[in-house]
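Subject: Structure for your review, with notes

Dear colleague,

I am handing over the structure below, together with my notes on it. Please read the notes with the coordinates open beside them.

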Protein chains: 8
Amino acid sequence: MRREQVEQLLAQVKGGELDVAAALDRLSFAPAESLGYATIDHHRALRQGFPEVIFGEGKDVTHLVGIAERIAERGDGLLVTRLAPAAAPALSATIPGIELNALGRTAYLAPKVPTPAGTGTVLVVTAGTSDLPVAEEAAVTSTAMGDSVARLTDVGVAGIHRLLSRTDALAEARVIIVCAGMDGALASVIGGLVRVPVIAVPTSVGYGAAFGGLAPLLTMLNSCAAGVTVVNIDNGFGAAMAAARITHA
Amino acid sequence: MRREQVEQLLAQVKGGELDVAAALDRLSFAPAESLGYATIDHHRALRQGFPEVIFGEGKDVTHLVGIAERIAERGDGLLVTRLAPAAAPALSATIPGIELNALGRTAYLAPKVPTPAGTGTVLVVTAGTSDLPVAEEAAVTSTAMGDSVARLTDVGVAGIHRLLSRTDALAEARVIIVCAGMDGALASVIGGLVRVPVIAVPTSVGYGAAFGGLAPLLTMLNSCAAGVTVVNIDNGFGAAMAAARITHA
Amino acid sequence: MRREQVEQLLAQVKGGELDVAAALDRLSFAPAESLGYATIDHHRALRQGFPEVIFGEGKDVTHLVGIAERIAERGDGLLVTRLAPAAAPALSATIPGIELNALGRTAYLAPKVPTPAGTGTVLVVTAGTSDLPVAEEAAVTSTAMGDSVARLTDVGVAGIHRLLSRTDALAEARVIIVCAGMDGALASVIGGLVRVPVIAVPTSVGYGAAFGGLAPLLTMLNSCAAGVTVVNIDNGFGAAMAAARITHA
Amino acid sequence: MRREQVEQLLAQVKGGELDVAAALDRLSFAPAESLGYATIDHHRALRQGFPEVIFGEGKDVTHLVGIAERIAERGDGLLVTRLAPAAAPALSATIPGIELNALGRTAYLAPKVPTPAGTGTVLVVTAGTSDLPVAEEAAVTSTAMGDSVARLTDVGVAGIHRLLSRTDALAEARVIIVCAGMDGALASVIGGLVRVPVIAVPTSVGYGAAFGGLAPLLTMLNSCAAGVTVVNIDNGFGAAMAAARITHA
Amino acid sequence: MRREQVEQLLAQVKGGELDVAAALDRLSFAPAESLGYATIDHHRALRQGFPEVIFGEGKDVTHLVGIAERIAERGDGLLVTRLAPAAAPALSATIPGIELNALGRTAYLAPKVPTPAGTGTVLVVTAGTSDLPVAEEAAVTSTAMGDSVARLTDVGVAGIHRLLSRTDALAEARVIIVCAGMDGALASVIGGLVRVPVIAVPTSVGYGAAFGGLAPLLTMLNSCAAGVTVVNIDNGFGAAMAAARITHA
Amino acid sequence: MRREQVEQLLAQVKGGELDVAAALDRLSFAPAESLGYATIDHHRALRQGFPEVIFGEGKDVTHLVGIAERIAERGDGLLVTRLAPAAAPALSATIPGIELNALGRTAYLAPKVPTPAGTGTVLVVTAGTSDLPVAEEAAVTSTAMGDSVARLTDVGVAGIHRLLSRTDALAEARVIIVCAGMDGALASVIGGLVRVPVIAVPTSVGYGAAFGGLAPLLTMLNSCAAGVTVVNIDNGFGAAMAAARITHA
Amino acid sequence: MRREQVEQLLAQVKGGELDVAAALDRLSFAPAESLGYATIDHHRALRQGFPEVIFGEGKDVTHLVGIAERIAERGDGLLVTRLAPAAAPALSATIPGIELNALGRTAYLAPKVPTPAGTGTVLVVTAGTSDLPVAEEAAVTSTAMGDSVARLTDVGVAGIHRLLSRTDALAEARVIIVCAGMDGALASVIGGLVRVPVIAVPTSVGYGAAFGGLAPLLTMLNSCAAGVTVVNIDNGFGAAMAAARITHA
Amino acid sequence: MRREQVEQLLAQVKGGELDVAAALDRLSFAPAESLGYATIDHHRALRQGFPEVIFGEGKDVTHLVGIAERIAERGDGLLVTRLAPAAAPALSATIPGIELNALGRTAYLAPKVPTPAGTGTVLVVTAGTSDLPVAEEAAVTSTAMGDSVARLTDVGVAGIHRLLSRTDALAEARVIIVCAGMDGALASVIGGLVRVPVIAVPTSVGYGAAFGGLAPLLTMLNSCAAGVTVVNIDNGFGAAMAAARITHA
């Protein structure tokens with residue numbers, strides 16, 4: 001149950017369209033449901049606009065599917081990230097209509113009532129082609145959160161004219177998510193070109209002294225462009241959630 | 001010259017209120033001015049809404065004052081961060097009306113034309129009293145950027161009722177900046193309670209395995225509350241600039 | 001031979017129920033037995049209440065089984081942790097009655113004389129479902145040490161009402177073990193809510209800047225709740241052993 | 001107001017010795033008091049048995065004294081740790097009867113009603129003379145919490161007979177706090193000799209690859225003696241608080 | 001004695017202008033002279049074109065001056081880097097004509113015969129004003145090595161038009177030295193704009209997660225522009241020496 | 001299209017040999033071509049003398065082949081590094097004439113017009129046999145860039161006479177690339193023996209405290225031989241590109 | 001050819017038993033032989049008493065076997081460490097009589113003339129059974145170097161009586177090699193009990209904050225027992241070589 | 001009381017030269033004496049040949065002097081390392097005849113009976129002049145332990161002929177201590193030239209990515225010359241103690 005649905009319900013009660021007993025009934029789900037191996041936060045949608053998202057990594061397939069089922073049956077939508085390829089078939093089999101995205105390693109089921117749209121466009125930029133899986137996780141998540149998504153791909157600073165020739169795309173965005181590995185320099189350059197929020201996602205693309213994404217993480221935290229914020233390495237999901245907090249004021 | 005001023009000027013030209021020569025004159029400042037030891041980006045205000053902010057740390061006092069003078073005389077306002085106490089008198093002597101803030105280590109001169117106000121309030125939260133200098137840097141910066149600032153102080157998770165009794169303050173904010181050292185756990189808890197943007201600032205408060213702020217930095221990057229973003233350790237300035245990007249859409 | 005058994009034996013000697021030669025015989029096991037590839041500390045049970053526990057990781061299967069056999073035949077019980085799935089069948093085949101736990105990666109054989117019960121309950125809390133294997137290792141170890149175990153699962157701080165609605169469970173515990181990965185913030189929040197000992201176990205759940213559990217480890221070491229103690233990453237076994245030191249005063 | 005005092009008060013109400021209005025009056029302090037720069041958790045004593053302890057490091061002297069005053073006037077006792085030598089005179093001047101400890105960098109004011117005594121003795125062991133300041137912080141804190149304190153000094157493993165000749169002291173303790181820098185090996189050896197809780201405090205004593213206490217921290221986290229727990233580097237205070245959680249069951 | 005001088009001497013011997021005994025005399029300096037506390041490599045000039053450069057940091061003033069004297073009296077020139085301000089007067093007093101540079105912390109004495117000029121210009125670029133001391137160390141060293149030096153100051157990527165408007169300066173350089181702290185992103189951008197050698201110098205400018213220059217060091221090592229090379233943090237001297245290896249083929 | 005080709009074309013226009021329309025036609029390729037998943041920088045050859053090189057690691061095979069095809073069909077040559085063995089057949093099948101190098105993990109297609117030759121020889125030195133894959137990547141890249149390559153293999157400092165007996169090879173080089181893992185000491189020794197540019201490549205050869213190449217990386221950054229520069233761990237490609245910047249002045 | 005053999009040969013020449021031409025012939029092997037992919041240091045045996053040892057990790061099987069053959073045919077013996085199981089059969093097939101050790105991952109061929117015996121015994125001690133592979137590498141190497149080897153297994157400090165009951169073994173050693181993972185504390189304890197050289201080998205046994213052997217490495221470098229020296233993580237080979245330097249004075 | 005003295009005493013008892021009561025008297029010192037703040041290991045000299053050495057860093061002056069006095073009065077000699085300049089006068093005033101060494105930061109009092117001489121010479125080598133304080137600490141310690149000391153100064157690998165011209169000095173040593181900062185490469189080169197034990201001491205000389213001695217520490221641990229051992233950063237004392245273990249077999 002999302003915040004908007006609860007508002008509507010309360011309005012109906014107020015307007016006499018719904019009696020108190022019925023309203024109570026519809027509000028009666030326990031806010032947190034225990035499955036033994038998990039405690040599902042059913043008020044997440046109410047509190048934050050979307051149900052609890054399942055982080056797939058390291059979860060037993062049975063647990064993963066069990067949690068997904070319980071969330072899905074509420075009808076508020078479902079998003080799974082870091083879905084192991086081996087777990088995907090079980091999920092598809094159990095939850096009809098769920099959409100898998102192999103590149104982004106996500107599974108998504110739309111809510112019955114569409115998620116309220118965010119204001120403006122979320123632009124997902126990548127420095128290189130190898131950053132695409134992270135960008136895809138961000139794009140799927142933004143879509144699930146009700147945001148419009150645009151993309152600008154492979155415009156890293158080694159050939160800066162590629163970026164400078166696309167300032168139009170930058171200018172049209174409400175929020176920009178920048179996914180970059182290696183030197184992570186793209187976030188600083190974009191941060192200096194625009195006034196809108198820039199959310200930097202360091203990726204684990206690179207080798208040697210990239211140290212699994214540590215290098216771009218530090219670059220981005222030390223951005224000389226003021227007001228760039230950073231999320232965890234490869235955390236396209238988190239960047240999109242941060243964008244949704246901005247676009248759903 | 002800020003974006004709004006340029007817009008107005010162009011409108012005057014269009015409307016015939018200002019002739020081209022005069023307009024040219026007022027636009028004639030070079031976008032970047034070289035002082036030998038510095039290249040001042042005079043279009044920063046135009047591009048991003050506020051002139052270049054001077055990072056005071058490690059700068060020779062003569063250089064610092066020289067740059068400050070050149071920026072101040074444009075009238076678009078001036079902000080200095082990480083101001084060494086030893087450099088403050090020279091700055092005060094040279095730039096009349098500049099306001100020093102000892103706790104936040106800032107110096108601020110208001111622009112002639114007030115900075116456009118942001119939408120909503122920026123709430124600056126601290127986990128403990130020792131985090132106040134960082135919070136103060138954020139608050140001064142937000143004010144300089146035209147944002148309304150509210151504060152919630154010393155509400156760390158060791159006594160979580162202090163925070164839970166102030167959810168009203170959380171609910172009223174458009175953006176929340178969370179300053180916390182040691183375990184940095186406050187950002188996750190707040191991130192889970194609200195839907196608005198949460199910008200986490202790890203502070204260097206703590207000792208031993210806090211490693212100068214590394215501990216809360218990692219905590220915040222790994223926040224289990226989705227969509228929390230992070231800036232550099234002790235970077236109250238950056239957090240406020242990120243907030244301004246959100247409030248000045 | 002456990003401390004209690006030796007006490008009883010000495011009492012029998014004192015009371016004339018057992019002659020010296022027979023007592024000597026029963027005490028005659030060498031305190032440390034050499035197998036060539038291992039030196040088994042047979043006085044561990046006497047000194048610390050439970051026989052040497054076998055750390056399964058990195059051990060040759062033949063060595064592992066050989067050590068297990070020698071410990072098992074003393075009848076004081078046997079616990080194996082970090083048991084590689086590939087080594088489990090050989091262990092089961094050799095030691096009848098041993099109980100395998102796949103999730104916790106343990107093998108356990110109860111002692112002939114039950115281990116003395118600890119005072120109070122050990123509560124094992126997890127922040128998320130992915131922390132369950134570590135929690136299970138703790139729970140199996142606590143049981144082996146004679147402690148009563150309770151569980152509270154998936155109550156991480158991103159939805160703090162899940163925890164706050166279960167303060168009853170917290171209030172009933174003699175010792176609380178908190179297993180959490182990612183931001184590890186749960187340990188601080190629980191540490192601030194209770195007065196009993198809180199033992200924090202950082203888990204390797206997470207990715208990127210979680211650095212294999214380093215992030216929650218640092219969080220927990222820097223807990224702003226006073227008196228929280230920490231064990232190694234993923235060390236559910238160690239946490240349970242620390243709890244047993246408390247409950248078996 | 002401590003838990004015991006509240007219990008007594010409630011009993012008086014129940015027994016008719018105290019009327020409700022009077023009881024209410026005495027319970028009427030707000031649980032959290034805001035000083036602007038601090039939010040004092042006045043229910044800490046009620047919840048955890050001792051008022052909020054002030055961490056002195058990095059606090060402005062005025063703030064420090066202000067907070068101390070407000071806590072002191074409740075009469076439940078006051079403890080300041082990491083007290084900068086420069087801040088001590090101001091504290092002494094404001095709070096009569098406060099006891100300073102230069103080696104341990106603490107200030108302590110006893111509560112009006114003595115803190116309930118813990119069960120058993122807390123033994124504070126140091127590996128070397130240079131570890132004494134940390135041990136002293138632990139000892140002062142334990143005393144403040146109502147625990148009996150014993151000491152065993154300079155018994156590091158380089159001359160292990162120093163420790164082995166004092167197993168009597170180890171045997172008499174209810175909890176053992178081990179403070180060691182450099183290789184931190186003492187915690188493992190003691191952990192293997194006793195069955196009671198061992199709380200290891202890595203100290204920043206050492207140089208070079210001790211990396212400010214990182215070396216003994218890692219040693220202790222990896223202790224081959226099962227069930228040793230660890231607190232932050234140089235955190236004598238935290239170790240004593242952990243001990244108090246054990247002795248005040 | 002430099003390589004050119006030895007060549008000339010050998011030519012004179014060959015041409016009969018100099019007899020063998022005299023030549024021997026002039027070549028008779030031991031290639032390495034021992035001062036007890038130092039072993040001066042007098043063939044460094046012969047082998048690498050400039051005498052051994054003295055690294056001033058951590059050297060006893062007496063040792064420093066002693067070594068400097070012995071090198072200076074050979075007439076091949078003298079360069080001291082990382083000169084502590086306290087050591088400068090003693091050096092000036094002992095070695096007439098030595099030029100001190102306070103910003104770059106260097107002392108320089110020209111050789112009697114001018115150092116052969118390198119081909120082309122060495123361009124020293126800085127991202128910000130705070131990087132100037134490192135740039136100055138590089139510039140002084142390049143001059144000492146016989147290179148022409150140009151400078152481009154404060155053109156960091158936060159305002160990339162400052163750099164793009166000066167591509168002329170980039171185009172004229174034979175080698176470019178890029179000094180940048182914080183995000184270190186400037187090296188990648190320049191590396192992508194030019195075909196000449198780019199030597200990146202990370203500086204310790206920044207705070208928090210800059211970790212004393214680690215952040216820009218990693219950025220530069222992971223530059224997405226191919227063929228950028230890196231020297232140690234703050235090592236302006238090393239960058240200039242690398243440039244001299246290129247310009248003195 | 002390479003710089004030389006454009007120069008020739010412009011000369012033809014100037015000399016009347018080519019009319020403007022035809023010239024325009026041949027220059028009409030967009031400087032950056034978007035494939036959706038990639039933005040190919042077709043001016044890289046013009047700007048830097050060789051087309052964009054494809055970093056094969058982490059790229060989807062379809063993406064990799066698609067990009068390679070688009071670059072190859074321009075005729076300016078093609079280089080792929082870090083080519084996964086599994087991706088090689090698809091590449092060979094699509095691009096006739098491409099040369100695979102299994103040891104160096106590269107694929108190379110020569111340009112239609114030979115790349116201009118660099119001045120002098122690039123000498124690739126390895127400390128041990130295990131460093132050969134990195135050296136091979138460097139050698140293939142240098143050849144692609146038009147440089148002559150010489151090799152000196154397995155001359156690490158543990159048997160320094162192996163190196164000292166080959167100073168002839170060192171003396172003949174224009175640039176020296178030194179590939180070394182473990183202690184990485186070879187770069188310092190060679191740096192002290194020659195005056196030409198030395199580019200050090202730390203390799204991930206080694207174990208334990210080599211930390212995947214971190215040890216030789218730090219060694220090389222701290223080289224006591226002045227003017228040694230460093231590239232990323234295992235980055236033979238980058239070293240060769242840096243060499244080409246030197247040899248193609 | 002070993003040092004002893006060369007001495008004998010020179011004595012024969014001096015005594016007229018061997019003519020100069022024959023001696024020259026036998027000395028005529030080039031000191032370093034190039035195989036293209038390797039430069040074998042054939043004087044290693046002469047200089048250091050044993051031929052170059054082959055580090056097997058990361059070497060191509062063909063290269064490995066090729067080098068081994070060239071060394072083996074000199075008759076001075078052959079040792080291969082870190083031998084990949086997959087490479088062992090090829091080695092066995094090519095070099096008859098070579099002895100494989102699966103646990104220690106070594107291959108050894110005795111020299112034709114026995115290696116001179118070292119003085120005294122090398123005692124190899126392990127803290128736990130999981131440290132045995134490293135200990136075995138040390139033992140095989142010591143044997144190859146001509147040393148007598150004794151073993152003391154699984155005597156870690158968690159049960160210190162296991163060690164204290166074997167001080168006889170410690171007392172009889174000329175050199176002690178201590179292999180320990182996890183807390184690595186055993187090296188300090190042994191270092192404090194004996195006066196002979198103690199060489200500590202940190203092993204990668206452990207998990208979590210053992211960080212692949214970093215924890216015991218730091219412990220051992222910070223040993224509070226004076227004069228303990230350390231080699232690389234898991235470097236049993238290096239420890240044995242260090243022991244041989246001591247026993248072959 | 002040293003081992004030799006006890007042997008002599010026991011011989012006298014055996015030979016009837018000393019009666020049992022007198023012998024007992026002279027042996028009656030407690031093996032460990034408690035000063036409250038320290039537990040002096042008076043059997044250290046007996047067990048390891050020299051009394052406990054005092055590590056001066058971080059010790060209270062009163063404690064330092066108190067411990068020094070108690071050790072000095074036994075007449076077995078006294079050594080203090082890391083002596084703070086401020087503590088030296090108090091030490092000199094209390095203990096007549098103690099020799100201070102400012103460069104090495106040591107204080108030394110010779111024992112009444114000379115320490116037995118070690119076999120052979122300990123050669124202390126430094127890479128640069130800045131390494132001298134560490135070398136001096138090693139040299140003073142070696143002298144105190146009864147070893148002959150030789151020195152070879154400033155022979156780092158940047159000018160390798162300085163070292164190669166002094167192989168005579170290397171050849172005459174029984175043990176070689178190599179002190180080097182920055183790249184630490186000298187240890188590997190020397191390790192490859194000699195067969196005697198090489199003990200490497202990384203120093204904190206250097207800057208930037210030397211990370212306080214971490215760089216040479218890693219270099220030395222990864223030495224490609226087999227059998228080089230390493231002690232802690234700047235630990236000249238430890239290296240000399242390790243040498244004494246070798247020379248006093």
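The notes below cover conventions, one chain, two interfaces and a few single residues.

This is a predicted model, in which local features need pLDDT of at least 70 and side-chain atom pairs count only at pLDDT 80 or more, while totals for chains, interfaces and linings use all residues. Residues are numbered from 1 along each chain as its sequence is written, chains are lettered from A and ligands numbered from 1 in the order in which they are written, and side-chain values use heavy atoms, with hydrogens and water left out.

Chain A

The secondary structure of chain A comes to 11 helices and 11 strands, where helices (H or I, at least four residues) and strands (E, at least two) are DSSP runs numbered from the N terminus. Of the 249 residues in chain A, 64% are buried; here buried means under 20% relative accessible area, exposed over 50%, and partly exposed in between, with a 1.4 Å probe and protein chains only. Among the contacts in chain A with a separation of 6 or more, 66% are between residues 24 or more positions apart, a contact being heavy atoms within 4.5 Å. Helix H10 of chain A (residues 214-221) is mostly covered, with seven of its eight residues buried, namely Ala215(A), Pro216(A), Leu217(A), Leu218(A), Thr219(A), Met220(A) and Leu221(A).

Chains F and E

Two copies of a chain are related by a rotation about an axis and a shift along it.

The contact takes 32 residues from chain F and 32 residues from chain E. The area buried between them is about 2,800 Å², of which carbon and sulfur atoms give 49%; buried area is the accessible area (1.4 Å probe) that two parts lose on being put together, summed over both. Arg195(F), Leu221(F) and Arg245(F) supply 30% of the area that chain F buries against chain E, more than any other three residues. Across this interface there are zero salt bridges, by the rule of a side-chain nitrogen of Lys or Arg within 4 Å of a carboxyl oxygen of Asp or Glu. The elements that give two or more residues to the side of chain F that touches chain E include helix H1 (3-14), helix H9 (186-193) and strand S10 (198-202) of chain F, and the largest share, six residues, comes from H11(F).

Chains A and F

A rotation of 90 degrees with 0.0 Å of shift along its axis superposes chain A on chain F, with an RMSD of 0.1 Å. The two copies are thus related as by a four-fold rotation axis, and Phe211(A) is the residue of chain A that comes closest to the rotation axis, at 7.3 Å for its C-alpha. Here the contact takes 17 residues from chain A and 24 residues from chain F, and the two chains bury about 1,500 Å² between them, 56% of it on carbon and sulfur atoms. The count between chain A and chain F is one salt bridge, which Glu52(F) forms with Arg162(A), the closest N and O atoms being 3.4 Å apart.

Single residues

Asn235(E) is found in the loop between strand S11 (228-230) and helix H11 (236-247) of chain E, and is buried at a relative accessible area of 10%. Not counting residues up to four places away in sequence, Asn235(E) touches Arg82(E), Glu137(E), Val201(E) and Tyr207(H).

Arg105(A) has a positive phi, near 55 degrees, and at 34% relative accessibility counts as partly exposed. Asp234(B) also has a positive phi, of about 65 degrees, although it is not a glycine, and is buried, with a relative accessible area of 16%.

Best regards

Note on methods:
Least-squares fit on C-alpha atoms with pLDDT ≥ 70 in both.
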